[in-house]
Structure formats: C-alpha cells, structure tokens
Amino acid sequence: MDAKSLLRDCLDRYVFLNPDCVPVEGYAASAVYDLTRGLISTFPSAYFPFFELFRARRLREIVDALAPEERDDFVEFLDFLMEHEYVAVVDDAASFPEISQSWDAPCKIHNAIVDVRERHHDYRKIIAELDALGCQHLQVRGYSKLFGLTELAELARLCRDSSIQTLEAVLAHDPAVRDDDYVAVVSANRIIASLVVHSADGDRQLVVDYGARGAAAGLVTMEIQLTVKPLESHLDCGHIARRQLLPPSTQTFNELHHFNGCLNRKLSIDEGGEVRNCPTMRGSFGDHRAVSLADVVSREDFRRVWRARNDEIQVCRDCPYRYACTGCRALLEDPDAGDSKPLKCGYDPYTDSWTDWRARPNAAATLTRYQARVHLPILQ
C-alpha cells in the first residue's frame, strides 16, 4: 500500500509508528532510528510535528487540517515512512505501548583502555581488578614497539577466564615481525577481536580464517589492518564522522539517552600509568599500582562525566545523530567551555552537512593548545 491508497481507504484509522522506529528531532534534519535493523534515515525537520499528530488524531483529521499546498508534501512524507516500513495503520494507537527507555548493565565498568609507550604496566593487577568490576571489553594501544606481539599474546592469556570478552589492540609496526606472525597470534587467541598495526611499511589487510573453509569462512574471518598512518598519541582519538556513528539498537539508543556514549562506565590507564576516565582527559585518580580500581570507580567525581549527555551539549543537542554518537568530551571545540561540542566532529546540524573538521576556523589552533597540554604536569 502506498500513501495515496492510504488516504483513499484508511482515513478513519491511525498512522502508527512502529515502537522500534524512534523519531529524533534535529535542527535542519531529523531522523528515524530503526532499532531492529540498525539503520538511521533522515528527513527535513519540518515534517517532525506529524509524529505527535499520528498518535493523537485519525488520518482524516490530519489531512483536513492541511492547506492544499501542504498535502503533496504530506503524501511524500507518508510514502517515505511506508517505503521504509516504519509505519502501519491501526484502529487504536493507544493499544501499542512504547519501548522502555531505561538502561542498565550488569557491570561496574563496561570497557577499558590501556596506553603503553615507554614503560610496561602491572597488567596482571589491571586484569584482575577489571575482572572484579565486570569489564567486558579492553583496548590496548601501543605507541612504541615496547608493547608488541609477544606482549599482546601474554595479555590475551591473562584475559582468559576473566569477565573480558573482547580484546582490541593497536600496535606499532615492527619490521622483525612477519605478517604470518600476526595471523598466528590472532588465530591462537580468539579473544582478540581487532588488531591494527600502525606505522607499517604499506597499507594492507591480513585475513584470519581460524581454519574455516568454504561458506563458513565468510562467517568467522577477521581482518588485521596494517596502515602506514602513525598513532602518535592519545590526541589522535576523538574523531566523529558519518562512518563512525554507532548502528542504533535498543541498548545503545537507551544508553545515550542517559549517559555519554564514550565515557559511560569506562576506565583508562594512560601511558604514564595514571588512572583516568579517558587517556586524553587531564584529571588523574592516581597511579594504577598504588590505587584500587574499585575505589576509583566508587568515587562520584570519577562517575560524574558518565552523565555528559549529548542532549546537554551545545550544537549536539540539535543534532539528529546524537543518540548514535560517542560524543567525545576530552577534545572540545572550545576548551574553556565544558558544554562545547567535540573538536573533531564534522557535522553541522544547522546546514545538515558533513565536512572535514580541520577546515573549521581555529580548529588547528585549538588542537595545538591540546598538544601543548601533553607536556604539562598532571593536574589532580
């Protein structure tokens, strides 16, 4: 059925937006988040008020209230919703409850980052304490060859029989390590969910098939990425582009209604061994060797940044993608404003356009300010 058929045959019924298709209002463009398919579709925000009318009024009442010149646009919008299977027609919309927007997780820390450059950390202590906190995902970033393939294999061994389900690694390229060595370590440690090798001698992908053959190989294979691009410091993080938006699901959508998509239930240990919310954030909660991670997580000043929602951030609050965006709070467009939008975001909700964030006025100067901070003493 198309919109014209709907207007001909169903005027006394309600247009019902499926509960797993959630509208999100933005400034120039708004969106429908398809939580089942993991997709986002955008449309002009001028149509957004129709969603409230759909639940309150029958189709006939909506059409009768439109001016003649508005009806063609309304038909076009209905066709958009029906083509994507976002709506149906029902006799009583009140009979269908909305999906709960509550969120929780069975862990005190969901994910953690460990940075390594000039010295090793107490990995055994870190893994044991993350396990006690229920941490499910761990990323280790090696800026130098100090943390290499051998260290990654040992860390994977420590993660076994812990709460950690996935281990991601970013390693510096070592000319002495063969491509087959990377494949062998990943093949032997299924907990390694991602491996990127930076500063390599060329861009390429290595396929890990875990011994699978035929059609099964396509279901289990993983690619190891080797890139010539260097990973110089924690300041290389925080990019927000269209391809980096989170595929929407009920879990992620609800979480981002209440919490920050990057910092919520995250714990980090920087290259100096300091415990932080994020390696790029300046506030330190002590050296990981001297403090209990559980004690750090129990502190209100540590958990406070978890609640830095995009709904409360300048510009972000007008963005239709705000519930699919991790929302970096470490690198800000205005470092002196706590509610400033992320520095490395390339989307402008007022023009509905994506551009390179580096082309914005003062972006380079702002990044230079952050680079200078790397050399400052740690502030408590």
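**Cavities and salt bridges in the predicted model**

Helix H5 (residues 123-132) supplies the largest share of the lining of the second largest cavity, 3 residues. Helices here are DSSP runs of H or I with at least four residues, strands are runs of E with at least two, and both are numbered from the N terminus. As for the ground rules, this is a predicted model, in which local features need pLDDT of at least 70 and side-chain atom pairs count only at pLDDT 80 or more, while totals for chains, interfaces and linings use all residues. Residues are numbered from 1 along each chain as its sequence is written, and side-chain values use heavy atoms, with hydrogens and water left out.

That second largest cavity holds about 30 Å³ of space. A cavity is a set of points, on a 1 Å grid over the protein atoms alone, where a 1.4 Å probe fits but cannot get out, and lining residues have an atom within 4 Å of a point. Grid points are joined across faces, edges and corners, and the volume is the space filled by probe spheres set on the points. The lining is made up of Val114, Tyr123, Ile126, Ile127, Leu138 and Leu155. It splits into 6 nonpolar residues, with no polar and no charged ones; Ala, Val, Leu, Ile, Met, Phe, Trp, Tyr, Cys and Pro count as nonpolar, Asp, Glu, Lys and Arg as charged, and the others, Gly among them, as polar.

In total, the structure has 2 cavities of 30 Å³ or more.

Turning to charges, the count comes to 25 salt bridges, each being a side-chain nitrogen of Lys or Arg within 4 Å of a carboxyl oxygen of Asp or Glu. Asp311 pairs with Arg322, with the closest N and O atoms 2.8 Å apart. Both residues sit in the loop between helix H11 (300-303) and strand E14 (347-348), so the bridge ties together parts that are 11 residues apart in sequence. Asp311 is partly exposed at 22% relative accessibility, whereas Arg322 is buried at 10% (buried is under 20% relative accessible area, exposed over 50%, partly exposed in between, with a 1.4 Å probe and protein chains only). The two also belong to a salt-bridge network with Arg309 and Glu312.

Glu154 and Arg157 make another bridge, at 2.5 Å from N to O. They are 3 residues apart in helix H6 (residues 149-159), which means about one helical turn separates them.

Key
On a 1 Å grid over the protein atoms alone, a cavity is a set of points where a 1.4 Å probe fits but cannot get out, and a pocket is an open set with protein on both sides within 12 Å along at least five of seven lines; lining residues have an atom within 4 Å of a point.
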